Amino acid sequence: MMDAKDIASKVEAIQELLTLKFGVKRQGLEVMLAKAGRRLPRRVQIKARVLVEAQALAGHPKLARQMDKTAVSRAFEDVKAHLKAIDVADRKKGRVLSLAGAIAFNLLVVLVAFVVWLWWRGYV
């Protein structure tokens with residue numbers, strides 16, 4: 001049987017990783033997962049919900065016995081492995097490249113529209 005301290009330490013580790021990888025403000029695990037939102041894959045969100053439920057059950061001694069220890073441990077390991085695999089620098093680089101690509105595309109569209117306008121007016 002897992003006690004409340006084990007689950008609290010696991011939840012705290014996940015909260016710390018969410019803060020480091022996504023910059024989510026330190027709050028309850030459920031709130032932090034909601035703020036991370038779609039940045040986490042569906043399967044990781046489901047595993048994280050197992051941890052949230054375990055945290056809720058851990059506060060009640062009789063309900064804590066109903067908790068599946070292996071499922072909680074497996075969910076913790078899966079979520080932790082996914083969060084540790086996230087490269088923050090690569091995410092930032094991707095965001096910058098995406099912005100640069102959008103700006104370049106918009107400039108190209110404006111340039112083509114300007115040339116078409118010049119041709120339509122008879123200047124070219």
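Biologist: Quick one on helix 3 and helix 5. Is their crossing left-handed or right-handed?
Modeller: The crossing of helix 3 and helix 5 is left-handed. Keep in mind that this is a predicted model.

Biologist: What kinds of residues make up that contact?
Modeller: The contact of helix 3 with helix 5 has 10 nonpolar residues, one polar and four charged.

Biologist: Which residues meet there?
Modeller: From helix 3, they include Arg 43, Val 44, Lys 47 and Leu 51. Helix 5 brings Val 72, Phe 76, Asp 78 and His 82, among others.

Biologist: And at what angle do helix 3 and helix 5 pack?
Modeller: About 130°, with the axes 9 Å apart. Helix 3 covers residues 42–58 and helix 5 covers residues 69–85. Angles over 145 degrees would count as roughly antiparallel. Helix 3 and helix 5 are therefore oblique to each other.

Biologist: New topic. Which residues touch the most other members of the largest nonpolar core?
Modeller: Ile 14, Leu 18, Phe 22, Leu 29, Leu 40 and Leu 83. That core holds 26 residues.

Biologist: Which elements give two or more residues to this core?
Modeller: Helix 1 (4–22), helix 2 (29–36), helix 3 and helix 5.

Biologist: Back to Phe 22. What does Phe 22 touch?
Modeller: Leaving out residues up to four places away in sequence, Phe 22 touches Leu 17, Ala 36, Arg 39, Leu 40, Leu 83, Ile 86 and Arg 91.

Biologist: What about Gln 45, buried or exposed?
Modeller: Gln 45 lies in helix 3. Its relative accessible area is 18%, and buried means under 20%, so Gln 45 is buried.

Biologist: Which residues does Gln 45 touch, not counting those up to four places away in sequence?
Modeller: Gly 37, Arg 38 and Leu 40.

Conventions:
Residues are numbered from 1 along each chain as its sequence is written. This is a predicted model: local features need pLDDT of at least 70, side-chain atom pairs count only at pLDDT 80 or more; totals for chains, interfaces and linings use all residues. Side-chain values use heavy atoms; hydrogens and water are left out. Axes are lines fitted to C-alpha atoms, for helices over the stretch in contact, and angles run from 0 to 180 degrees between N-to-C directions. Helices (H or I, at least four residues) and strands (E, at least two) are DSSP runs, numbered from the N terminus. Angles under 35 degrees count as roughly parallel, over 145 as roughly antiparallel, 65 to 115 as roughly perpendicular and the rest as oblique. A crossing is left-handed if the near helix is turned anticlockwise from the far one by less than a right angle, and right-handed if clockwise. Contact means heavy atoms within 4.5 Å. Ala, Val, Leu, Ile, Met, Phe, Trp, Tyr, Cys and Pro count as nonpolar, Asp, Glu, Lys and Arg as charged, and the others, Gly among them, as polar. A nonpolar core is a set of buried Ala, Val, Leu, Ile, Met, Phe, Trp, Tyr and Cys residues joined through side-chain atoms within 4.5 Å. Buried means under 20% relative accessible area, exposed over 50%, partly exposed in between (1.4 Å probe, protein chains only).
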